[in-house]
Amino acid sequence: ISPGVHKHKGQQTLFSAAETAGMFKFYPQHPAMMRLYEVQREVASLGPQVCTFGGLQNDRDYKRLERELTQMLLQVDQVDTEGKAELQGARKRAAQEVEGLLRYLEENATHPSRMAIEALSEEARRLVEERVVAPQRAGGVAEINDELVDMLQELVLRLTQVKTEGRVPLRKARYRALTRLCAVQDVIEGRTEQQTLSLPLSEDTHEAVHHINQVMVKVSVARGQLVALLMGLSGRDSCAHLSRILTEMQVELDALDVSGNTAIRNYRKQVVEEINGLLKHLDLEVEGDDTRRYDLAQNNSIREIEAVRAHVSHLREGVLRH
């Protein structure tokens, strides 16, 4: 059994190499020692999950991690050391490691910066619900205009100003909130541009135009579903379900014969590009749990966020001076 457990920021190694060698020498097959080795492996498995968890205390994964760590702590307490000092020390260190993970989990889920991120996310959800999702569900027209775009941009800037203190869970939470809000902003801005385009080609022009027009209607509905999905307002919809619908639209468009008609071919291309844009945002949402995205050394987007935050801070100081 390899000594120690995977080390994370803010966490200590369960057993040092010297401690492991010493205990193995004197108690290689002792039941207490074997159970503590099992705890060592379990901590190594749960540690990375705890140290990258960016959610809140009411999240399902938080409750799962808290439950598993609490059960692990109870199991450690039940290890019978038979009064042997070395085994008692090992049990104490195992308990401290599990308790450390529990503290780290709670600290990040209740950190003031995490609460600030959630408050801004909730503000964005209310805005999108009122202006976009609710009107569409009622069969009306979403209130998409420059004012809405500006309000979303303001929320993006406020999110970039939330300090994460270098904590991966907080970086993860901020990054997820920013990518979702920026995606919604992009979809809405794309919708604004679409409203200024000329009307679709007449169906009398070519029989394929009727099918493309039908797909355009579906794309409009999918756009609203994507916005709701990104903001956590989608109900039973999922990324996989919406991705499947959009992919089916692509297949339907690809099957159309538009050879010999440049205008219709360009019309189809425009609709396909919009579908690809929606799929791009879905892909980013699905990949959102990739921890490397929240590592400053591996993600240029994080550096850009930090640069924007620093620039905003500099501008604020300049305004206050004047």
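Asp254 sits in helix H9, which covers residues 239–254. This is a predicted model. Asp254 is exposed, with a relative accessible area of 57%. From Asp254 to Lys269 the C-alpha distance is 9.7 Å, across 15 residues of sequence.

**Main nonpolar core**
- The largest nonpolar core holds 52 residues. Val128, Leu246 and Ile275 have the most contacts inside it.
- H5, H6, H7, helix H8 (207–230), H9 and helix H10 (262–286) each give two or more residues to this core.
- H8 gives the most, with 11 residues.
- This core lies between domain 2 (111–196) and domain 3 (198–288), because both give residues to it.
- Leaving aside neighbours within four places in sequence, Leu246 is in contact with Ala222, Ile275, Leu278, Leu279 and Leu282.

**Second core**
- A second, separate core has 27 residues. Val43, Leu65, Val79 and Ala90 are included in it.
- In soluble globular proteins, nonpolar side chains tend to be buried together.

**Helix H2**
- Helix H2 runs over residues 31–51, which is 21 residues. At 1.5 Å a residue it should span 30 Å, and its end C-alpha atoms are 30 Å apart, so the two values agree.
- H2 bends by about 30 degrees at Ser45. A proline, Pro48, follows within four residues.
- The buried residues of H2 include Ala32, Met33, Leu36, Val39, Val43, Leu46 and Val50. Arg35, Tyr37, Gln40, Gly47 and Cys51 of H2 are also buried.
- An α-helix has 3.6 residues a turn, so residues three or four places apart point the same way.

**Ser113**
- Ser113 belongs to helix H5 (residues 112–137).
- Its relative accessibility is 11%, so Ser113 counts as buried.
- Beyond neighbours within four places in sequence, Ser113 is in contact with Val162, Lys163 and Leu170.

**Positive phi in loops**
- Most residues other than glycine have a negative phi.
- Glu82 has a positive phi, near 55 degrees. Glu82 lies in the loop between helix H3 (60–77) and helix H4 (85–109).
- Glu165 also has a positive phi, near 55 degrees. The loop holding Glu165 is between helix H6 (146–160) and helix H7 (168–195).
- Glu165 counts as exposed because its relative accessibility is 54%, and exposed requires over 50%.

Methods. Residues are numbered from 1 along each chain as its sequence is written. This is a predicted model: local features need pLDDT of at least 70, side-chain atom pairs count only at pLDDT 80 or more; totals for chains, interfaces and linings use all residues. Side-chain values use heavy atoms; hydrogens and water are left out. Buried means under 20% relative accessible area, exposed over 50%, partly exposed in between (1.4 Å probe, protein chains only). Contact means heavy atoms within 4.5 Å. The expected span of a helix is 1.5 Å times one less than its number of residues. The bend at a residue is the angle between axes fitted to the seven residues ending there and the seven starting there. A nonpolar core is a set of buried Ala, Val, Leu, Ile, Met, Phe, Trp, Tyr and Cys residues joined through side-chain atoms within 4.5 Å. Domain bounds come from an automatic or database domain assignment.
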